[in-house]
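Hello,

Here is the structure I promised to pass on to you. Please have a look at it first, and then read my notes below.

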Amino acid sequence: MKLIRHGSPGLEKCGVILSDGRRLDVSVAFPNYDETFFASDGVNRLHAWLEDAGSSAPTLPDDVRLGCPIGRPSKIICIGLNYRDHAEESGMTPPSEPVIFFKATTAITGPNDGLHIPPDSQKTDWEVELAVVIGRVARRVTEADAMNHIAGYVLHNDYSERAWQLERGGQWVKGKSADTFAPLGPWLATPDEIADPHKLRLWLRVNGVEKQNGTTANLIFRLPHLIHYVSHFMTLLPGDVISTGTPAGVGLGFKPPQYLQPGDLVELGIDGLGTQRQVAHATF
Ligand code: ZN
């Protein structure tokens, strides 16, 4: 199943995309796709409700705005340098253990809402990523049990201000957390939709020119290990997001580097997880 949230920013309602492509509003029965929803077997309840009452659910108009498909998660954890070619283009050694950092949840925005380049930013950059959404509380889970804790998968553009991330000292979180730096969506695909999350092509274009074209087959640390590893250090709650890293082709890696300017168009996608489209705007 594909879960969507639709409507005005901050007031999104729940919906689904059926296998025949129809999009339904299910907000009469499901107020939000949030921690409570996932923790209470929400996806199975949603399946049952659709069988029972789905024919009464309103169809959504084609032009409805889509927001992030999950209600504000307790945290976004990002994995750094998880593709060898990206580590090399960044001038860094591929890590022997996963690099993890936080991204502020206030950075979340809809998949097509647009990017606001912060007013004093010179180095705003893109990163197409496969993100995992947690479905069950995960605390020190084993690799063997890790995949049972996934609610689904979502496309993420891990926007990054490289000067703030790399030149200002301290932790990467500073360069990852500006408003609109975390477009998520258009939908959350439940695991039955994705035959093998380690065989997905992911790509990104700027102004129609391909910049990134990779495959999750090249992840250094795969999903079972990432969930196991992160849950060793912190409890993962239903709805939490783990973004698994980006392949080569970010702006930082070009010689000279390429960074986003107002008016640029960023398009990205992952097999089975749809596409996003962001126009970059200056922020005043
Ligand atoms: Zn990233």
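**Helix α2 and what surrounds it**

Helix α2 (residues 42-53) is twelve residues long and spans 15 Å from its first C-alpha to its last, close to the 16 Å expected at 1.5 Å a residue. The expected span here is 1.5 Å times one less than the number of residues in the helix. Before going further, please note that this is a predicted model, in which local features need pLDDT of at least 70 and side-chain atom pairs count only at pLDDT 80 or more, while totals for chains, interfaces and linings use all residues. Residues are numbered from 1 along each chain as its sequence is written, and side-chain values use heavy atoms, with hydrogens and water left out. Helices (H or I, at least four residues) and strands (E, at least two) are DSSP runs, numbered from the N terminus.

In α2, the residues G42, V43, L46, W49, L50 and A53 are buried, where buried means under 20% relative accessible area, exposed over 50%, and partly exposed in between (1.4 Å probe, protein chains only). These residues sit on the same side of α2, because they cover an arc of only 120° around the axis; the arc is that of the directions from the helix axis to the C-beta atoms. E51 and D52, on the other side of α2, are exposed. The cover over the buried residues of α2 includes β1 (2-6), β2 (13-17), β3 (23-25) and α1 (35-39), with contact meaning heavy atoms within 4.5 Å.

**Two buried strands**

Strand β4 (residues 76-80) is largely enclosed by the rest of the structure, because five of its five residues are buried. In a regular strand the side chains alternate between the two faces of the sheet. In β4, I76, C78 and G80 point one way and I77 and I79 the other way, and all are buried. What are the partners of β4? β4 and strand β5 (residues 99-103) run antiparallel and are joined by five bridges, whereas β4 and strand β16 (residues 241-243) run parallel and are joined by three bridges. Two strands count as paired if DSSP finds at least two bridges between them. I76 has a bridge partner in each: K103 in β5 and V241 in β16.

Strand β17 (residues 265-270) is also largely enclosed by the rest of the structure, since six of its six residues are buried. L265, E267 and G269 point one way from β17, V266, L268 and I270 point the other way, and all are buried. Strand β14 (residues 201-206) pairs with β17 in the antiparallel sense over five bridges, and V206 stands opposite V266. On to strand β18 (residues 274-282), which pairs with β17 in the antiparallel sense over six bridges; here I270 stands opposite G274. β17 and β18 form a hairpin with three residues between them, and G272 in the turn has a positive phi of about 80°.

**The zinc site**

Which residues are the protein donors of the zinc ion? They are E127 (OE), E129 (OE) and D158 (OD), lying 1.9 to 2.0 Å from the ion. Donors are N, O and S atoms within 2.8 Å of the metal (3.2 Å for Na, K and Ca), and as water is not among the atoms, sites may look incomplete. The spacing of the donor residues in sequence is E-x1-E-x28-D. E127 lies in the loop between β8 (124-125) and β9 (128-134) and D158 in the loop between β10 (150-157) and β11 (160-161), so the pair ties together parts that are 31 residues apart in sequence. Both are buried: E127 has a relative accessible area of 4%, and D158 has 1% relative accessibility.

**A residue in α6, and the cysteines**

L226 lies in helix α6 (residues 223-233) and is buried, at 1% relative accessibility. Not counting residues up to four places away in sequence, L226 touches I79, N82, P98, F221 and T244.

A disulfide is a pair of cysteine sulfur atoms within 2.5 Å, and by this rule the count comes to zero. C14 is buried at 0% relative accessibility, and C68 is buried with a relative accessible area of 4%.

Best wishes
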